[in-house]
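Student: Can we go through this protein together? I'd like to start with how its residues get sorted.

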Amino acid sequence: TDREVLEDATHDRFRKYEGYHKVFTNPLPAAVVFVNNAEEVSSVLRYCNAKKINVVPRTGHSATEGGLETIVENSIVLDGSHMNKILNIDEENMQATAECGVVLEDLENAVRKLGYTTGRNQKGNLLIYVDGKDSEHTLGLSAHLDTLGLMVRSIKDNGKLAITKVGGPCLPTLDGEYCKIYTRDGKVYTGTILSCSPSVHVYPDASTLERKDDTMEVRIDEVVHSKADVEKLGICNGDFICIDTKTQITESGFIKSRFLDDKISATALMGVLKYLKDNNITPQRDLVIMFSTYEEVGHGASCLPEEIEELLAVDMGCIGTDLACTEQDVSICAKDSSGPYDYEMITRLVELSKENKLNYAVDIYPQYGSDVSAALRGGNDIKGALIGPGVHASHGMERTHYDGVESTMKLVVSYITKY
């Protein structure tokens with residue numbers, strides 16, 4: 001209950017200048033409780049719940065939204081900053097388990113101990129730096145982590161949710177799919193994506209109605225009959241709707257899932273990083289490996305670190321009419337909707353595929369764009385190329401094969417160790 005501690009607990013970085021100038025506008029909390037484990041957290045919460053005391057949780061003291069301030073008189077601030085241990089880092093599954101007081105800088109420092117330096121840009125692209133033999137030149141590699149989905153466009157009078165697309169999902173393939181609605185206050189609700197004529201026993205056009213934004217909706221798995229009922233749940237316009245991936249791996253080597261574009265290529269690059277580390281391999285040039293966001297909406301790699309001279313995007317290869325690629329191939333894209341890729345880089349990739357006896361195909365994708373496309377449109381002075389495992393039924397229920405992923409990884413390793 002030291003006054004200086006209480007004053008510091010009244011605000012987060014939303015009002016950081018109050019701390020600088022010692023002018024505090026929020027009421028002081030009744031106490032700040034420093035907890036050390038989950039049992040102590042539970043004990044404090046049980047007491048406060050029984051006494052109807054408002055609780056404000058704090059950990060890293062770095063929030064910038066103003067949501068962790070003591071706006072209620074006589075609140076208790078539950079401070080978890082002492083719970084600052086990283087419990088486990090699972091390299092294979094790319095998961096870290098940490099206590100609530102671990103700040104992002106500490107977590108990234110732990111990743112650096114594995115041998116790689118990391119960073120992020122303002123919109124959340126993760127950058128991993130790998131030292132090469134030639135530090136005067138830098139090659140960039142990218143795979144995007146963002147994916148396709150939906151967003152709540154509006155709440156209908158009947159309690160259903162109108163939708164708008166995020167990226168370019170193939171909407172007819174979403175009819176009947178399960179989903180989750182994520183609210184901005186942290187709640188998660190389940191539902192089903194359906195056409196507005198969902199029953200063959202009721203609607204004459206149940207089978208023929210075109211599936212598009214304004215003829216599809218989300219049925220929420222809650223008892224709701226009106227817009228007001230939905231609003232009471234905390235669901236609002238702009239909430240994200242995420243679609244069940246239905247991931248399966250078959251004994252024959254096929255990987256079936258939504259959103260292999262581009263999670264499968266991100267997995268391939270993680271495999272390359274692990275291969276370099278396990279085998280003590282140094283690439284020819286410095287590398288910046290980027291896991292980008294916003295690729296599906298067009299600007300994933302629009303801003304690159306200035307040292308990158310070439311960017312090799314690793315993204316899915318297309319399969320279909322007039323295309324040579326299969327699920328067991330690594331695709332080398334010569335041209336897409338943004339124009340031809342760098343001639344020299346493509347030639348090198350083809351030659352390496354031949355030298356290493358990889359299953360590969362060279363194709364042209366007229367309805368495709370990549371992180372390289374975004375980088376060039378963003379004014380970056382780079383050469384660029386695009387490769388990736390063949391993926392069938394892109395932006396729908398996708399499928400690829402271990403052989404295509406393996407060939408992609410081998411081609412990446414061959415490129416970064418030779419050029």
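Tutor: Ala, Val, Leu, Ile, Met, Phe, Trp, Tyr, Cys and Pro count as nonpolar, Asp, Glu, Lys and Arg as charged, and the others, Gly among them, as polar. Keep in mind that this is a predicted model.

Student: How do the residues lining the second largest pocket divide, then?

Tutor: Its lining has nine nonpolar, eight polar and five charged residues.

Student: How much space lies in that second largest pocket?

Tutor: The second largest pocket holds about 540 Å³. It is lined by 22 residues, and those closest to its centre are Cys318, Gln367, Tyr368, Gly369 and His395.

Student: New topic. What is the strand order in the open sheet?

Tutor: The order is E15-E16-E24, three strands with antiparallel pairing. Strands E15 (248–249) and E24 (398–401) are the edges, each pairing on one side only.

Student: How many bridges join E15 and E16?

Tutor: Two bridges, in the antiparallel sense, and E16 covers residues 254–257. Ile249 stands opposite Ile255 in E16.

Student: Which strands does helix H9 touch?

Tutor: H9 (residues 402–418) packs on the sheet and touches E15, E16 and E24, with its direction at about 65° to that of E24. Helix H6 (residues 260–278) lies across E16 and E24, at about 25° to E24.

Student: And at what angle do H7 and H9 pack?

Tutor: About 115°, with their axes 10 Å apart; H7 is residues 343–355. The crossing is right-handed.

Student: Which residues make that contact?

Tutor: Among them are Met345, Arg348 and Leu349 of H7, and Leu411 and Tyr415 of H9. By class, the contact has five nonpolar, two polar and three charged residues.

Terms used
Residues are numbered from 1 along each chain as its sequence is written. This is a predicted model: local features need pLDDT of at least 70, side-chain atom pairs count only at pLDDT 80 or more; totals for chains, interfaces and linings use all residues. Side-chain values use heavy atoms; hydrogens and water are left out. Two strands pair if DSSP finds at least two bridges between them. Helices (H or I, at least four residues) and strands (E, at least two) are DSSP runs, numbered from the N terminus. Contact means heavy atoms within 4.5 Å. Axes are lines fitted to C-alpha atoms, for helices over the stretch in contact, and angles run from 0 to 180 degrees between N-to-C directions. On a 1 Å grid over the protein atoms alone, a cavity is a set of points where a 1.4 Å probe fits but cannot get out, and a pocket is an open set with protein on both sides within 12 Å along at least five of seven lines; lining residues have an atom within 4 Å of a point. Grid points are joined across faces, edges and corners, and a volume is the space filled by probe spheres set on the points. A crossing is left-handed if the near helix is turned anticlockwise from the far one by less than a right angle, and right-handed if clockwise.
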